[in-house]
Amino acid sequence: MAQQRWFHSLRLFLTGTWQFQRTIFLKGGPQIANLENGRATFTPLPVADVERYADALCSKPHGQSLVTPVMTGPDSFNSIPSGLWGTLRNALVYHEQGKMTFSSGGSPVDISGHYLYLFPPPFSTVAEVRVLCNDPADNLDFLYKIPFPSDRDPPSGTAEYVFQNTRFKGVVEIEDPEWFSTEWEVEGPGSHSVVRTMYGKVPEPARKPANPKS
């Protein structure tokens, strides 16, 4: 079955502001944490960061990465190959924040997350996700790529990766143009949990009509 006509670009679908709710369960057990009214944004990577990110990407192992390994020269946009330049110019920066409450009690805890989403051409329904953090050793590390096969309706994709001795196995389902959900099974030393998140698109403010010229 072909995908919905509205789903032709994963980047276009994600761009914007989303409200989300997240619940965390022990695998096969009770809920242990909950987050309501979280806020997430997918925004274009600033042009000023393109060269810095290009150099950083070239220093990382590539493995399953969709980004072609290339070398860049210092201090010049002209040194960035056009393929990598185009990929980074189309990249989205994901940022989320909210307050997590725990079933065990206590005060809510602020949470945040930062990731870089790449959409290397010619893929319009595949994303490559990388870490964004302040630690140079981990920043821009490859996490996973997630394709949305054209025969799935509604669109969905799966991914699996290991990061810092923890295994993540997840599925992303796009419900309609305004909603998508994720479910990640997380297995690490001494823990095994399931993280479910539902995202709803926040409508953009209506633009005021321009004043007619007198």
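**Notes on the predicted model**

1. F13 is buried, and F180 is buried as well, where buried stands for under 20% relative accessible area, exposed for over 50% and partly exposed for the range in between, using a 1.4 Å probe and protein chains only. The ring centres of F13 and F180 lie 6.0 Å apart with the planes at 70°, so this pair is edge-to-face. For the terms used here, the rings of Phe, Tyr and Trp (its six-membered ring) pair if their centres lie within 6.5 Å, with planes under 30 degrees apart counted as stacked, over 60 as edge-to-face and the rest as tilted.

2. On provenance, this is a predicted model in which local features need pLDDT of at least 70 and side-chain atom pairs count only at pLDDT 80 or more, while totals for chains, interfaces and linings use all residues. Residues are numbered from 1 along each chain as its sequence is written, and side-chain values use heavy atoms, with hydrogens and water left out.

3. The protein chain contains three helices and ten strands, which follow one another along the sequence in the pattern α-β-β-α-α-β-β-β-β-β-β-β-β. Helices (H or I, at least four residues) and strands (E, at least two) are DSSP runs, numbered from the N terminus. Of the 214 residues in the protein chain, 41% are buried. The accessible surface of the protein chain comes to about 12,500 Å², and 53% of this belongs to carbon and sulfur atoms; the areas come from the Shrake-Rupley method with a 1.4 Å probe, and for residues only the protein chains shown count as cover.

4. The ten strands form an open sheet in the order β6-β5-β4-β3-β2-β1-β10-β9-β8-β7, with antiparallel pairing, two strands being paired if DSSP finds at least two bridges between them. Because β6 (142-147) and β7 (156-163) stand at the edges with a single partner strand each, one side of each is left without a neighbour in the sheet. From one strand to the next, the twist averages 25°, with axes taken as lines fitted to C-alpha atoms, for helices over the stretch in contact, and angles running from 0 to 180 degrees between N-to-C directions.

5. Strands β7 and β8 pair in the antiparallel sense over eight bridges, and T158 has V171 in β8 as its bridge partner. The hairpin of β7 and β8 has two residues between the strands, and Q164 takes a positive phi near 50° there.

6. Strand β8 (residues 166-176) is joined to strand β9 (residues 179-188) by nine bridges, and the two run antiparallel, forming a hairpin with two residues between them. Along this pairing, F168 has V186 in β9 as its bridge partner, G170 has W184, and V171 stands opposite E183.

7. Ten bridges join β9 to strand β10 (residues 191-201), again in an antiparallel arrangement, with H192 in β10 as the bridge partner of E187. The hairpin of β9 and β10 likewise has two residues between the strands, and G190 takes a positive phi near 75° in this hairpin.

8. The structure holds 13 aromatic pairs, and one aromatic cluster is formed by F13, W18, F20, F180 and Y199. Y161 and W184 are both buried. The charged end of R196 sits over the ring of F25, 4.9 Å from its centre, a description that applies if NZ of Lys or CZ of Arg is within 6 Å of the ring centre and within 35 degrees of the ring normal.

9. Which residues does Q19 contact beyond its neighbours within four places in sequence? They are N37, G38, M198, Y199, G200 and V202, contact being defined as heavy atoms within 4.5 Å. Q19 is placed in strand β1 (residues 16-26) and counts as partly exposed because its relative accessibility is 39%. Q19 and Q97 are 78 residues apart in sequence, while their C-alpha atoms are 9.9 Å apart in space.
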